[in-house]
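Morning, everyone. I'll take one structure today and go through it briskly. Please have the viewer open.

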Amino acid sequence: MNAKTKKITLITVVLLLCIIFTCCLAACGDPNNNGLGGNEGQIEVPSGNNNSGNEQTENPGENTPPIVTEAIGDYAYKFLTKFNTDFSKRKAASEEELAAAEYIKIELTSFGYNADLVPFTYTNWKGTEYNSQNIVAVKQGTDTTKQIIVGAHYDSVSAGNGIDDNASGVAALLESAKYYSDKTPSCNIVFVAFGAEEVGLKGSAAYVKGMTEEEKAKTKLMINIDSIAGGDKLYAYTGADEESQAILADLLTFGKDLGLVTQEGKGSKFEYGQTGNWSDHANFKNAGIKFIYFEGTNWDCDIDEGTTQYVDSEGNGFEIMHTSKDTLDWIEENFPGRAKKNVSLCVKSIINLTE
């Protein structure tokens, strides 16, 4: 091999080594490059406080993809969609009610809770005995000598799909439990999904009956969520005593700009901030436990017995609960975005009460 040939060979080898070295750098320089544009298309969620609507996130390194979190209300709306299609019939003591209970337990378990199905029996006015169940999960707080109970019934009537009454309440309960899955509240929170509410508040009655006097004494508050998705406004109610009214006043101050209101006693048989005993809060009230009760409705019309969910342009009140209108499809068609808005506001209010 002459000198000229050696020179050409040396240059060729050097060029090949440079190409190989450059390729190695490109392969090692971005471990997240998967051929899909790196971080393009990923959503970076800013951090926020507890009431911002977003969970706080961190981005510990430049090459770590940002964590995509859900805004408050997103999980609840997915739950409503699931119940609207897969668990639309949940009559008390039925196999469908049990299937819904088992699904709720699975969801709570997925958040890290030790959730229990607690069976109970009840009798109807004919003396016939039926079986149902509550689902119970506990989040331990800083002060374990006190507790707040968050409850909502999951059974429904035959009409409609039971989305307003009361998949919406369970959706708010579950999202509140999800929120606390990686946080520590000030005291214990007991999440309870009640069965057989529609046949006489049987699930909450069984739960209260099973409470010891010590448990009743340590319960600071019971939060009841019932039929919040379809009403024109989200209302919060409480008892007549001074302490309960003070809790309500603080809550209304928090929710003022968000649209939370109460019943003002105008032309009603109920005093300011109060309502009837037609939901699960009644059993806790009768046991001497303070409560806050959330309901979606509209009191700006004539209300006799029961509640009115929405008002037409002429001021006439109509119900969604216990009718064929109680489906997510009907609510979205007639009040787009209302279900998610009301449930989101309720979750934020529950967090405000339980922090």
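**A cavity and the sheet**

Start with the second largest cavity. Its lining is Tyr237, Thr238, Gly239, Ala240, Gln274, Thr275, Gly276, Asn277, His281, Lys285 and Phe291. Keep in mind that this is a predicted model. The space inside that cavity is about 40 Å³. How do the lining residues split by class? Three are nonpolar, seven are polar and one is charged. In total, the model has two cavities of 30 Å³ or more.

Look at the β7 end. Strand β6 covers residues 233-237 and pairs with β7 in the parallel sense, over two bridges. Tyr235 is opposite Val261 of β7.

Last, confidence. The chain's average pLDDT is 86, and 79% of the residues reach at least 70. Two stretches deserve a flag. Residues 2-8 stay under 50, with one contact beyond four places in sequence. Residues 23-62 are also below 50, yet this stretch has 45 contacts in the model beyond near neighbours in sequence.

That's my tour. Over to you.

Notes
Residues are numbered from 1 along each chain as its sequence is written. This is a predicted model: local features need pLDDT of at least 70, side-chain atom pairs count only at pLDDT 80 or more; totals for chains, interfaces and linings use all residues. Side-chain values use heavy atoms; hydrogens and water are left out. On a 1 Å grid over the protein atoms alone, a cavity is a set of points where a 1.4 Å probe fits but cannot get out, and a pocket is an open set with protein on both sides within 12 Å along at least five of seven lines; lining residues have an atom within 4 Å of a point. Grid points are joined across faces, edges and corners, and a volume is the space filled by probe spheres set on the points. Ala, Val, Leu, Ile, Met, Phe, Trp, Tyr, Cys and Pro count as nonpolar, Asp, Glu, Lys and Arg as charged, and the others, Gly among them, as polar. Two strands pair if DSSP finds at least two bridges between them. Helices (H or I, at least four residues) and strands (E, at least two) are DSSP runs, numbered from the N terminus. pLDDT is the predictor's confidence in each residue, from 0 to 100. Contact means heavy atoms within 4.5 Å.
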